[in-house]
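This briefing covers a pair of helices, a set of annotated sites and an annotated domain. Please read it alongside the sequence and model shown here.

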Amino acid sequence: MPEPTPEELARLATSEIPSGDPMPIFEEWFALAKQSEPNDANAMALATATPDGSPSVRMVLLKGHGPEGFTFYTNAQSRKGTEIRANMQAALLFHWKSLRRQVRIEGPLVEVSPQEADAYFHSRPFVSQVGSAASDQSRPLDQRSTYLDRVESIEAEWAAEGEVPRPAHWTGFTLRPRAIEFWLDRANRLHDRRRFTLTGAGDAVSWSDGLLYP
Ligand SMILES: Cc1cc2nc3c(=O)[nH]c(=O)nc-3n(C[C@H](O)[C@H](O)[C@H](O)COP(=O)(O)O)c2cc1C
């Protein structure tokens with residue numbers, strides 16, 4: 001490997017993750033990921049835990065984000081839903097392999113309003129609405145044909161309307177970030193990490209941040 005130039009060494013000694021506000025950094029990285037990921041740049045691991053501290057993790061899709069937080073939709077009677085109802089805290093993880101970057105987000109969850117859940121549920125194609133309404137997500141399924149029979153019957157029931165009523169247990173949650181951490185692959189495995197934490201409460205909140213050893 002060629003020796004790094006003085007300019008490269010100087011660059012390596014400086015963080016490429018700016019201090020200040022994490023949200024514009026997330027926006028920039030997410031925009032890059034949408035251009036470079038082969039699919040589902042909005043896929044993220046969602047970690048939840050039971051009140052006694054047993055963790056579980058699965059992928060979900062980010063369906064909205066902004067200063068208020070990061071929103072995903074799911075079946076609230078699923079394993080994750082049951083854990084969330086009992087312990088309204090979670091962690092999210094994006095790993096964009098094409099960029100060699102990671103973002104970790106942690107904080108409490110709040111449920112979206114019924115109006116928001118309705119709007120998102122009905123923005124999905126009819127077949128997706130049918131599939132969600134027919135699924136007792138995370139519960140045992142005796143055989144696949146049972147699920148397909150349910151799909152067929154819900155499809156027949158609502159085909160004329162062109163949309164399925166949103167099941168009350170199908171909803172969304174917004175994670176309100178209290179901590180966001182960015183990880184960036186750098187030369188010679190001297191990676192770059194910056195963690196932002198929200199301090200204060202109500203209107204008096206602000207982000208502080210610092211570097212972490214990778
Ligand atoms: C890329 C990807 C995206 C997914 N998106 C969602 C989603 O947005 N909502 C959801 O409920 N499940 C989604 N799933 C399925 C979940 O990973 C999981 O299998 C399901 O929600 C049941 O999880 P649970 O038993 O922990 O509740 C997705 C799976 C993959 C692989």
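For the helix pair, axes are lines fitted to C-alpha atoms over the stretch in contact, and angles between N-to-C directions run from 0 to 180 degrees. The model is predicted.

**Helix pair α5 and α6**
- Helix α5 covers residues 126-134 and helix α6 covers residues 144-158; their axes come within 9 Å and cross at roughly 125°. That angle makes α5 oblique to α6.
- The crossing of α5 past α6 is right-handed.
- On the α5 side, the residues in contact are F126, V127, V130, G131, A133 and A134. They meet Y147, R150, V151, I154, E155 and W158 of α6.
- By class, the residues of this contact comprise nine nonpolar, one polar and two charged.

**Annotated binding site**
- An unreviewed UniProt entry carries the annotation "binding site" for K63, Y120, R124, S128, R189, L190 and H191.
- These residues do not all gather at one spot, because they span 129 residues in sequence and the farthest two C-alpha atoms are 43.7 Å apart.
- Among these annotated residues, K63, Y120 and R124 are included in the lining of the largest pocket.
- Y120 belongs to helix α4, residues 114-123.

**Annotated domain**
- The unreviewed UniProt entry also places the feature "domain: Pyridoxamine 5'-phosphate oxidase N-terminal" at residues 39-155.
- Over residues 39-155, the chain is 33% helix and 37% strand. The end C-alpha atoms of this stretch are 28 Å apart.

Key: Residues numbered from 1 in each chain as written. Predicted model: local features only at pLDDT ≥ 70, side-chain atom pairs only at ≥ 80, totals over all residues. Heavy atoms only, no water. Helix = DSSP H or I, 4+ residues; strand = E, 2+ residues; numbered from the N terminus. Parallel < 35°, antiparallel > 145°, perpendicular 65-115°, else oblique. Left-handed = near helix turned anticlockwise from the far one by under 90°. Contact = heavy atoms within 4.5 Å. Nonpolar A, V, L, I, M, F, W, Y, C, P; charged D, E, K, R; others polar. UniProt positions renumbered as here; feature names shortened; annotations may be inferred. 1 Å grid on protein atoms, 1.4 Å probe; cavity = no way out; pocket = protein on both sides within 12 Å on 5 of 7 lines; lining within 4 Å.
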